[in-house]
Structures are given as structure tokens and as C-alpha cells.
Amino acid sequence: MLVSILKRFGVKLSLNDPRWGRNPEDDRKAQDGRRPGDGPPDLDQMWRDFNARLNRMFGGRGNNNGGGDNGGPRGEMRGAGIGAGVIAVIVGFIWLASGAFIVQEGQVGVVTTFGKYSHSTTPGFNWRWPYPFQAHETVNTSQIRTAEIGYRANVRNKQPQEALMLTDDENIIDIQFAVQYTLKDPVAWLFNNRDQDNTVRQIAETAIREVVGRSKMDFVLYEGREQVAADVHKMMQTVSDRYALGALITNVTMQGVQPPEQVQSAFDDAVRAGQDRARARNEGEAYANQIIPAARGQAFRLQQDAEAYRSMVVENATGNASRFDQVVAAYSRAPAVTRDRMYIDTMQQIFTSTTKVMVDSRANNNMLYLPLDKLMQQQAVNDAQIGSRSGPVQLPQSGQPAEVTQAMEAVRQRDERSRDSSRDRETR
């Protein structure tokens with residue numbers, strides 16, 4: 001920068017130039033008594049010419065002949081002081097300008113004074129005291145950082161020393177997962193720990209090993225993946241806060257959980273066997289769910305039928321017993337009338353449900369046969385024929401043919417005579 005300023009004032013700083021630092025008029029005068037190539041330029045003369053130029057630039061009048069105060073030693077000292085002051089001002093301005101810095105959006109500037117934290121700056125243009133008094137460092141607080149455990153960049157690029165873990169049931173599983181986090185405290189992130197990214201990775205590995213060490217292998221492989229990720233997230237945040245790391249754990253993603261490659265085939269066979277067992281169990285449970293409710297329904301129906309039958313039998317027996325008690329009471333008051341009524345009711349029930357009647361006659365040994373069904377059919381045919389000719393015909397009120405009615409009346413009279421004779425014998 002100083003060289004460019006001197007060039008603007010017409011001062012050439014090239015040592016290869018034989019006229020470097022000299023006045024062209026002096027050069028012409030000096031060339032009169034010198035031949036080209038006699039030697040290097042005179043440094044004292046160069047310094048005097050430089051001071052003369054500075055004097056002329058700041059109002060002084062230099063004397064080319066070297067006479068007067070301006071051309072003497074005092075003038076040279078004054079010009080040197082002015083030149084040094086200009087250079088000092090320029091250097092001081094550059095030094096102060098080096099303390100300016102710009103913080104991008106989503107970042108925080110952390111300013112330190114002699115290595116100790118001083119203050120934090122917001123996004124935009126900021127200024128601090130230049131080196132060696134103060135320094136600054138920008139921290140990106142909006143960036144989502146990722147720590148990969150068990151692999152690097154790709155799940156195929158495994159890291160066995162990180163991925164292989166021991167479960168509670170003494171089985172080894174291979175786990176790859178990723179941790180995403182942001183910075184919530186840039187000051188703590190910079191000053192409380194060293195090698196922060198590696199610290200986050202070690203915290204994640206410690207947390208996953210503790211969670212897996214308390215769990216069964218099947219739980220980690222199948223139904224417990226989300227639970228394992230949630231437990232690791234919670235434990236990592238707790239440890240980070242304990243270390244004052246200044247990180248906020250945002251997400252834990254399980255990339256792959258599987259048994260080691262050396263036993264993968266055997267484990268697949270075991271998994272298939274477990275699936276077959278589960279399928280057979282499900283089929284058995286489905287069959288049981290189909291048969292058991294039907295059997296329970298049938299048993300309940302039989303129970304209800306038995307209860308109904310028991311109730312019917314008990315009620316019938318109770319009714320029969322009550323009727324018998326009533327009959328006994330009535331028989332005790334009027335035995336003959338009660339016997340006749342019972343006889344009539346019994347015969348009525350018998351004749352109502354029969355179509356043939358056998359009558360035993362005491363006059364002779366011939367048995368009278370009354371085909372009631374035939375007689376009733378014949379009577380119905382006759383009534384139909386008569387009704388078709390002369391209209392409806394009035395049947396006997398008993399609803400039976402006249403011959404049947406007469407036969408039954410004769411049987412009743414005979415029975416009454418036999419009962420009367422037996423009653424007379426009882427009364428004697």
C-alpha cells in the first residue's frame with residue numbers, strides 16, 4: 001500500500017532504475033561528468049531527493065543547490081518526520097480497519113479479549129479491537145449437525161468397533177444410527193469442551209450401549225426400535241447438559257438394526273421358525289375363537305332348555321298336586337258326585353281322542369263294534385249331499401252321528417245303573 005502511494009507522488013522504488021530518487025535536472029547535470037554504467041546510484045542523494053519532494057508536497061520550497069535552511073540537515077529532519085507521520089497514520093488506519101467483521105444471518109459472533117470471552121454479537125456489521133487485543137469467532141447456530149454412529153457417510157461403510165453391541169440376554173447386534181443436533185449456547189460450545197463433534201459422537205455411543213445393554217435382543221430388533229431411539233435421545237440430552245456442551249439434540253434416527261453378518265443366516269432361520277410358530281398359534285386361536293363361543297352357546301341353550309323343562313315339570317306337578325287336593329276336598333264332601341264327575345271327565349277325554357269304540361253287552365256275548373270314524377265320514381258325505389240339495393242341515397249338538405249318539409247314550413245308561421247299584425251297596 002505504501003508503495004502505491006509513493007508511486008502516486010512520482011517516487012520510483014525500482015533499484016534497477018539508475019535515476020531512482022533523483023531530480024531529472026540533477027540527473028542531467030550529473031550525467032555531464034559521468035558516463036553510463038559507472039556504478040549504482042548514491043543513497044544519500046536519494047534520501048535527500050525524497051525529503052525534498054515531501055517538503056514541496058507539504059508547502060516547503062526545496063533548494064536544488066543544497067543551500068538555505070530547507071535544503072540543510074534541519075529541513076531533511078522535518079521532511080522525514082512528516083513522512084513518518086503519514087506512514088504511521090496510514091498504518092494505524094489499516095490496523096483499526098482490521099477489527100471490522102461481518103456476521104451472517106443464522107450465526108453468532110463471539111468476541112474474546114486476550115483470549116477471554118468478552119461478548120457476543122448479532123448478525124450484521126460489527127467491530128472489535130484489532131489484534132492483539134481482541135479476536136472473534138463466528139458460530140453457526142442454525143445449522144443442523146449430524147453425528148453418525150456405526151457407519152460413515154453410508155450404511156455400507158460400517159464401523160464395527162462402534163456398531164457391535166451386547167444386549168441384556170447376551171446376544172450381539174449390529175446397530176447404525178444418526179444423531180442430529182443444533183447449538184443452543186455458542187459460548188458453551190466454544191469454551192467448555194474441546195473437540196465438540198467427537199464429544200457428541202462419544203455421548204451417543206455411550207447412551208446407545210447403555211440402552212441396548214438393558215434390553216432384550218428381540219425387543220431391540222422388532223417392536224422396541226422407537227423406544228430405544230427415544231431413550232437414547234433423552235439420555236444424550238441429559239449428558240450434554242451435564243457437560244455444559246451447549247448442544248440441543250433434535251433427532252435420533254435408527255438406520256439399521258440387525259444381527260452380525262457371521263450369524264445372519266442362522267438368525268434368519270430362527271426368525272422364520274418364530275414366524276411359523278406365530279402363524280400356527282394364530283390359526284389355533286382363530287379355531288378356538290370359532291369353536292368355543294359355539295360350544296358355550298350350545299351349553300347355554302341346553303341349560304336354558306333344562307331350566308325350562310324343570311320349571312314345566314315342577315309347575316305341572318304343583319298343579320296336579322293342587323288339583324288332587326281340590327278333588328280330595330270335593331270327594332270328602334260328596335263322594336258319589338265326585339266319582340261320577342271324574343268318571344265322566346275321564347271318558348270324555350278318552351272318547352275325544354279315539355275313533356273306535358268297543359261296547360261289551362251283558363245281554364249276550366257278542367261285542368258291539370262302533371266304527372266312529374267311518375260313521376262320521378259317512379255322515380259328513382250325507383250331510384254334504386243333503387246340503388247341496390236343500391241347504392244347510394242341522395247336526396246333533398254333540399257334533400256326532402245319531403247312531404253314535406244313541407250307542408253312547410245306551411252305554412251311559414248302563415254304566416249309571418251299575419254305579420247306582422254299587423252306590424246302593426256302599427250306602428248299606
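1. Ground rules. Since the model is predicted, local features need pLDDT of at least 70 and side-chain atom pairs count only at pLDDT 80 or more, while totals for chains, interfaces and linings use all residues. Residues are numbered from 1 along each chain as its sequence is written, and side-chain values use heavy atoms, with hydrogens and water left out.

2. Overall make-up. You'll find 13 helices and 13 strands in the protein chain; these are DSSP runs numbered from the N terminus, H or I of at least four residues for helices and E of at least two for strands. Of the 428 residues, 25% are buried (under 20% relative accessible area; exposed is over 50% and partly exposed in between, with a 1.4 Å probe and protein chains only). The accessible surface is about 29600 Å², and carbon and sulfur atoms own 54% of that (Shrake-Rupley method, 1.4 Å probe; for residues, only the protein chains shown count as cover).

3. Contacts along the chain. Take the contacts between residues at least 6 apart in sequence: 64% of them join residues at least 24 apart. A contact here means heavy atoms within 4.5 Å.

4. Aromatic rings. The whole structure holds five aromatic pairs (Phe, Tyr and Trp rings, the six-membered one for Trp, with centres within 6.5 Å; planes under 30 degrees apart are stacked, over 60 edge-to-face, the rest tilted). One of them is Trp-127 with Trp-129, edge-to-face at 5.1 Å centre to centre and 65° between the planes. Trp-127 is partly exposed at 39% relative accessibility, and Trp-129 is partly exposed too, at 45%. Elsewhere, ring pairs link a cluster of Trp-95, Phe-114 and Phe-133.

5. A three-stranded sheet. Strands β3, β2 and β5 make an open sheet in the order β3-β2-β5, with antiparallel pairing; strands pair if DSSP finds at least two bridges between them. β3 (116-121) and β5 (134-140) are the edge strands, each pairing on one side only. From one strand to the next the twist averages 30° (axes are lines fitted to C-alpha atoms, for helices over the stretch in contact, and angles run from 0 to 180 degrees between N-to-C directions). β2 (residues 107-113) and β3 are joined by five bridges, and Val-111 stands opposite His-119 in β3.

6. Salt bridges across the sequence. There are eleven salt bridges in the whole structure (a side-chain nitrogen of Lys or Arg within 4 Å of a carboxyl oxygen of Asp or Glu). Among them, Lys-216 meets Asp-168 at 3.3 Å, N to O. Lys-216 sits in the loop between α7 (196-213) and α8 (217-221) and Asp-168 in the loop between β9 (164-166) and β10 (172-183), so this pair ties together parts 48 residues apart in sequence. Lys-184 and Asp-241 form another, with the closest N and O atoms 3.1 Å apart. Because Lys-184 is in the loop between β10 and α6 (186-191) and Asp-241 is in helix α9 (residues 225-242), that pair ties together parts 57 residues apart in sequence.

7. A salt bridge within a helix. Glu-307 and Arg-310 meet at 2.9 Å, N to O. They are three residues apart in helix α10 (residues 264-333), which means a separation of about one helical turn. Glu-307 is partly exposed at 35% relative accessible area, as is Arg-310 at 47%.
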